Amino acid sequence: MTNNQYKKTLIVVIFSQIFSGLGLSAGISVGAILAKQIIGNESLSGLPSMLFTLGSAFFAYLVGKISGNHGRRIGLSTGFFIGSLGSAGVIFAYKTNSIFLIMLSLFLYGAGAAANLLSRYAGTDLAPDNKKATSISVAMVFTTVGVLAGPFILSFISSNLLHIGIKEELSAFILASLGYFLSFLIIFIFMRPDPLMLSIKKNKESKLKVDEDVLKDNNAKRNILLSALVMIIVQVVMISIMTMTPIHMNGHHHSLNSINLVIGIHIASMFLPSLITGRIIDKFGTKIMIALSSLIFIISTIIAIVSPGSSFLMLLISLALLGLGWNIGFISGTTMLVKYTSGLNRAKIQGNIDIFIALAGALASGVSGYFVFMIGFYKFLGLFLVLSLVLLVLSFNKEKHNNTRS
């Protein structure tokens with residue numbers, strides 16, 4: 001019965017990820033444009049991105065807390081519903097020319113991204129130990145389906161809405177609101193019984209330590225901290241280099257099409273390998289794969305450092321490897337976190353850690369330009385070569401048997 005519930009939960013997660021992927025792809029790129037038009041001050045054009053990131057961090061905590069108390073179904077559906085409201089609020093703010101409302105709406109819009117990211121854990125609650133990484137990778141793959149389909153659907157919607165006087169930028173948030181609302185309905189209606197609560201019940205019946213405070217277990221505490229560090233490091237390395245590479249390429253007179261192709265290949269490398277990454281992690285273990293992630297980061301960074309700025313091919317290879325390293329490291333860190341959390345504490349700890357992942361990514365993106373300006377692009381890459389070596393050292397942490405898994 002539990003295996004059937006696992007498969008059902010995974011199907012629900014897949015469909016919610018596809019539609020929430022539409023929400024992610026549609027809104028982020030045009031939020032700054034709409035905000036600039038309302039505010040009328042180009043110097044504040046980065047504010048929407050900051051509010052969205054802060055919103056995703058805040059709601060990662062809230063969704064995690066609600067999930068821990070009431071189950072995944074209530075927690076995730078709450079996040080998607082608030083994200084849908086935020087997307088709709090952006091539309092209303094533009095129509096009323098309200099600066100306060102668009103800022104509040106972009107903050108609420110971040111709830112959808114938080115729920116999307118935390119959904120990757122829902123499929124693991126009932127997954128067998130040898131399929132936890134696989135279930136995580138499945139969720140990430142189908143998020144990609146929504147993200148890639150978003151621009152095509154948006155083009156169709158906007159071309160029709162233009163005839164009735166609705167701007168293309170507003171069409172993006174209409175799609176975002178619809179995508180998040182469909183994810184809300186899918187989770188709220190079909191995620192029954194709740195996988196987290198069913199997992200807790202199952203483990204109580206098998207007399208596993210579900211309610212134990214995991215942070216009193218030194219082995220679990222060490223591995224939870226390690227998993228958090230791994231995910232934060234791979235997020236910081238990936239976002240920092242990805243953010244600055246287009247600027248570096250532009251400075252060496254690469255065309256916009258070339259820059260877009262490099263970033264497009266990079267994003268594809270971040271998600272599409274998930275088709276097989278999870279199975280490989282389940283087979284060989286998280287520590288080996290974290291080491292592989294760090295080695296790929298090192299190779300990627302070295303290629304970028306030794307390559308002339310005019311070399312399109314070398315930068316393309318470097319960014320493709322950067323995306324692959326992130327994929328392996330992020331899924332490995334997520335799998336480790338699932339392994340060393342259990343029962344009632346699982347959702348809360350996962351939500352808390354996702355706060356730091358979001359904030360670290362936002363900070364890295366925000367300060368990267370300053371560091372490149374101060375020390376130059378190649379020395380900037382050297383910083384992440386060192387950070388990749390730190391990740392390699394972390395992978396040698398010895399793992400002991402843990403009895404709090406569920």
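How many salt bridges does the structure hold? The structure holds two salt bridges, a salt bridge being a side-chain nitrogen of Lys or Arg within 4 Å of a carboxyl oxygen of Asp or Glu.

## Basis of the model

This is a predicted model, in which local features need pLDDT of at least 70, side-chain atom pairs count only at pLDDT 80 or more, and totals for chains, interfaces and linings use all residues. Residues are numbered from 1 along each chain as its sequence is written, and side-chain values use heavy atoms, with hydrogens and water left out.

## The salt bridges

Arginine 72 and aspartate 125 meet through their side chains in a salt bridge, at 2.8 Å from N to O. Arginine 72 belongs to helix 3 (residues 72–96) and aspartate 125 to the loop between helix 4 (99–122) and helix 5 (132–161), so the pair ties together parts that are 53 residues apart in sequence. Helices are DSSP runs (H or I, at least four residues), numbered from the N terminus. Both arginine 72 and aspartate 125 are buried, that is, under 20% relative accessible area (1.4 Å probe, protein chains only).

A salt bridge also joins aspartate 354 to arginine 120, with the closest N and O atoms 3.1 Å apart. Because aspartate 354 lies in helix 13 (residues 343–375) and arginine 120 in helix 4, this pair ties together parts that are 234 residues apart in sequence. Aspartate 354 is buried, with a relative accessible area of 2%; arginine 120 is buried, with a relative accessible area of 2%.

## Aspartate 194

Aspartate 194 is located in the loop between helix 6 (168–190) and helix 7 (195–205). Aspartate 194 is buried but has no salt bridge, and arginine 72, the nearest side chain of opposite charge, is 6.1 Å away. Lys and Arg count here as positive and Asp and Glu as negative, while His and the chain ends are not counted.

A polar atom of the aspartate 194 side chain lies 2.8 Å from the backbone nitrogen of arginine 72. The backbone nitrogen of leucine 196 lies 3.0 Å from a polar atom of that aspartate 194 side chain.

## Nonpolar cores

The largest nonpolar core has 80 residues, and those with the most contacts inside it are Trp326 and Ile353. Such a core is a set of buried Ala, Val, Leu, Ile, Met, Phe, Trp, Tyr and Cys residues joined through side-chain atoms within 4.5 Å. Helix 8 (residues 218–251) gives the most to this core, with 15 residues. Apart from this core lies another, of eight residues, among them Phe59 and Ala358.

Methods
Helix = DSSP H or I, 4+ residues; strand = E, 2+ residues; numbered from the N terminus. Buried < 20%, exposed > 50% of the residue type's maximum accessible area, 1.4 Å probe, protein only. Polar contact = N/O pair within 3.5 Å; in protein donor to acceptor, adjacent residues only side chain to side chain.
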